[in-house]
Structure formats: structure tokens, C-alpha cells
Amino acid sequence: WSVLLGCGLWLLLWMVVMTRVRRTLGVEWEPSDRWRAVSFAASMLVVLGSLNGPLHDLSDRYLFSTHMVQHLLLAQLFPLLFVLGVPAWVWNWALRHRWIGGSWHALASVPAGFFLYSGVFSIWHVPVLYDLMMRNHNFHIAMHLMVMATAVLMWWPIVGGRAVRRPLSGGAQMLYLFLLGLPMMAVAALLPFAGRPLYAWYALAPRFNGMSALEDQ
């Protein structure tokens with residue numbers, strides 16, 4: 001219910017901003033607003049599909065691999081659709097206050113957003129913290145929110161468009177995305193070469209379709 005409520009409130013906020021706030025500011029509708037609406041709604045569907053239903057159940061009860069798919073959806077697909085679903089004038093309006101805008105642009109700048117996301121994503125995969133997260137639902141919620149929030153910061157220089165204060169050139173964006181994969185490789189490299197399950201939660205979980213915990217990992 002909390003995921004449904006959260007996504008519903010985000011959609012309601014988007015609609016209020018795109019209608020009432022737009023009229024107050026005198027901003028005209030643009031053809032791109034239609035696909036932005038689709039993009040924003042799709043970002044909420046990604047969250048719903050990731051945190052409710054079969055993917056959620058498989059991730060929480062049986063398979064480490066589906067949990068990684070869930071994390072990739074929340075960190076690689078949700079933030080892209082979310083940021084693209086909001087026009088530049090909305091970002092500029094939301095960040096108009098000096099301390100809000102200053103804090104956002106500082107955290108979402110290069111390399112701050114890069115390191116924040118990489119650090120958050122990596123540290124939660126340390127076995128002791130990962131198992132704590134799986135045993136404590138509040139920690140689990142906090143982890144998902146941290147990953148999603150820092151992923152938005154990380155993707156901001158790439159998809160923030162005209163709202164980005166210091167935009168990157170095309171070549172710099174390509175380099176940024178290439179370097180982004182390196183910390184993730186360091187985390188992922190530990191998994192296929194491990195001779196035993198690294199996470200106690202999945203080592204003790206019921207087996208799914210006869211797959212061992214090590215094969216799943």
C-alpha cells in the first residue's frame with residue numbers, strides 16, 4: 001500500500017504542477033508535454049512493477065538475481081523516465097529558491113552525483129549490510145529510496161536538459177557513462193568468482209526451480 005500511495009501522490013503532484021502552477025506562471029502547453037506525461041507515468045509503473053507483485057516476492061523470498069534486476073530497474077530505468085517526464089520550466093520553478101537550487105545543483109553536479117550513487121549502490125551490497133537490509137524492512141525501504149534518489153542525481157547531467165546548470169558536451173556525457181560502469185564492475189566481479197553464497201539470506205532461502213544459492217548468485 002505504501003508504494004501505491006507514494007506513486008499516487010507523485011502523479012497527483014505532477015498533475016497539479018502541470019495544470020494549476022502552469023496557469024499561474026503563464027506557461028503554454030507544448031507538443032512535448034504529451035510524451036512527458038507518458039514518461040512520468042511510465043516511471044511510476046516501473047516503481048510499482050519493481051516493488052509490488054512477482055518481482056518483489058521473488059526478490060524478497062527466493063532469488064538474489066531477481067533482486068539485482070529490481071535494483072537495475074530502480075536505478076537505470078526509473079530515473080531516466082522520471083527526469084524526462086518533467087519539463088525544464090518545472091525544474092527551474094522547483095529549484096528557484098537559492099538554498100534548494102544550490103543544494104540540488106551541487107549534489108547533482110559532476111562528479112558529486114556520480115560518487116554519491118556509486119557509493120550508495122556499492123555499500124549496500126556489502127554482505128553484512130545487505131543481510132541487515134533483508135532482515136529489517138525499514139532498512140530495506142531506506143535502501144531503495146537512497147538508490148532511487150542518488151540515481152536521479154547521477155542521471156541529471158545526462159537527461160536534465162535545459163535545467164542543468166553546467167551541461168556536459170556530448171563527448172563528456174559518453175565518458176561519464178563509460179566511467180559510471182567501472183564501480184559497478186568492481187561490485188559485480190565478486191559475484192561470479194565466489195566459491196560460496198555471499199549472502200546468508202539467500203543461502204537459507206527456499207530453493208526456486210531447483211536453482212542453488214550459488215547458481216542464483
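Among contacts (heavy atoms within 4.5 Å) in the protein between residues at least 6 apart in sequence, 71% join residues at least 24 apart. The structure is a predicted model, in which local features need pLDDT of at least 70 and side-chain atom pairs count only at pLDDT 80 or more, while totals for chains, interfaces and linings use all residues. Residues are numbered from 1 along each chain as its sequence is written, and side-chain values use heavy atoms, with hydrogens and water left out.

## Exercise 1: the overall fold

Task: State how many helices and strands the protein has, and describe its extent and its surface.

Solution. Begin with the secondary structure, where helices (H or I, at least four residues) and strands (E, at least two) are DSSP runs numbered from the N terminus; the protein has 12 helices and zero strands. Next, take the extent: along its principal axes the C-alpha trace spans about 60 × 40 × 30 Å. The accessible surface of the protein comes to about 12100 Å², and 71% of it belongs to carbon and sulfur atoms. Finally, count residues as buried under 20% relative accessible area, exposed over 50% and partly exposed in between (1.4 Å probe, protein chains only); buried residues make up 41% of the 217 residues.

## Exercise 2: helix α2

Task: Work out which residues of α2 are buried, where they sit around the helix axis, and which helices they pack against.

Solution. First, check the length of the helix: α2 has 20 residues and reaches 29 Å from its first C-alpha to its last, close to the 28 Å expected at 1.5 Å a residue, where the expected span is 1.5 Å times one less than the number of residues. Second, list the buried positions, which are Ser-32, Asp-33, Arg-36, Ser-39, Phe-40, Ser-43, Met-44, Val-46, Val-47, Ser-50 and Leu-51. Seen down the axis of α2, these buried residues fall within an arc of 145° (taken from the directions from the helix axis to the C-beta atoms), so they line one face of the helix. An α-helix has 3.6 residues a turn, so residues three or four places apart point the same way. Third, look at the face turned away from the buried side of α2, which carries the exposed residues Arg-34, Val-38 and Leu-45. Just after α2, Gly-53 takes a positive phi of about 85°.

## Exercise 3: the salt bridge

Task: Identify which side chains meet in a salt bridge, and decide whether each partner is buried or exposed.

Solution. Apply the rule that a salt bridge is a side-chain nitrogen of Lys or Arg within 4 Å of a carboxyl oxygen of Asp or Glu; the count comes to one salt bridge. The pair consists of Asp-33 and Arg-22, whose side chains meet at 2.8 Å, N to O. This pair links distant parts of the chain, with Asp-33 in helix α2 (residues 32–51) and Arg-22 in helix α1 (residues 2–25), 11 residues apart.

## Exercise 4: helix α8

Task: Find which residues of α8 are buried and which are exposed on its other side.

Solution. In helix α8 (residues 127–135), the buried residues are Tyr-130, Asp-131, Met-133 and Met-134. Seen down the axis of α8, they fall within an arc of 155°, so they line one face of the helix. On the other side of α8, Val-128 and Arg-135 are exposed. The buried residues of α8 pack against α3, α4, α9 and α11 (200–203).

## Exercise 5: Gln-217

Task: Describe where Gln-217 is found and which backbone atoms its side chain reaches.

Solution. Gln-217 is found in the segment after α12 (213–216), and at 16% relative accessibility Gln-217 counts as buried. The side chain of Gln-217 reaches the backbone oxygen of Arg-196 at 3.3 Å, while a polar atom of that side chain lies 2.8 Å from the backbone nitrogen of Leu-198. Leaving aside neighbours within four places in sequence, Gln-217 is in contact with residues including Phe-64, Leu-191 and Tyr-199.

Notes
A polar contact is a pair of N or O atoms within 3.5 Å; within protein, one must be able to donate a hydrogen and the other to accept it, and residues adjacent in sequence count only if both atoms are side-chain atoms. Accessible areas come from the Shrake-Rupley method with a 1.4 Å probe; for residues, only the protein chains shown count as cover.
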